[in-house]
Amino acid sequence: MRTRKLEIACPVCGSAEVYYTCTPDCCYNHVCNACGATFEPATRAAGGAAPGIAPPDPPPDSTDPTAPCAVCYAPAACMTEEGGVVCGKCGARLALEFEEIHKA
Ligand SMILES: [Zn+2]
Ligand SMILES: [Zn+2]
């Protein structure tokens, strides 16, 4: 299955201009370029796995949104062509959630 880079809409204002501000081994702090809110995306297992996941091509930049897989903990959540979220590493189907939401 082909995938593309994870897309995250700001949980406060809905803007897609969201940037990842930390390193994958630290935290998942993201900032919204439109309203300045910060938040940490998280995932939970949505049940099942997608077969034959191909990692996003081109791969995400270091500032592109990312989220940890709830199953294998790899920072590899990405979008399927149908708009669902899967882990690019283990293929688990995921649901995106937000934690630590702070309005600017
Ligand atoms: Zn926002
Ligand atoms: Zn995974």
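**The zinc site and the strands**

Visitor: Is C87 buried or exposed?
Guide: Relative accessible area decides this: under 20% is buried, over 50% is exposed and anything in between is partly exposed (1.4 Å probe, protein chains only). C87 has 0% relative accessibility, so C87 counts as buried.

Visitor: What kind of model is this?
Guide: Residues are numbered from 1 along each chain as its sequence is written, chains are lettered from A and ligands numbered from 1 in the order in which they are written, and side-chain values use heavy atoms, without hydrogens and water. Local features need pLDDT of at least 70, side-chain atom pairs count only at pLDDT 80 or more, and totals for chains, interfaces and linings use all residues, as this model is predicted.

Visitor: Which residues are the protein donors of the zinc ion (ligand 2)?
Guide: Donors are N, O and S atoms within 2.8 Å of the metal (3.2 Å for Na, K and Ca); water is not among the atoms, so sites may look incomplete. Here the donor atoms are SG atoms, 2.2 to 2.3 Å from the zinc ion. The residues are C69, C72, C87 and C90.

Visitor: How are these donor residues spaced in sequence?
Guide: C87 and C90 are both donors, and C90 is partly exposed at 34%. The spacing of the donor residues is C-x2-C-x14-C-x2-C.

Visitor: How many strands does the protein have?
Guide: Helices (H or I, at least four residues) and strands (E, at least two) are DSSP runs, numbered from the N terminus. The elements run β-β-β-β-β-β-β from the N terminus on. There are zero helices, and the number of strands is seven.
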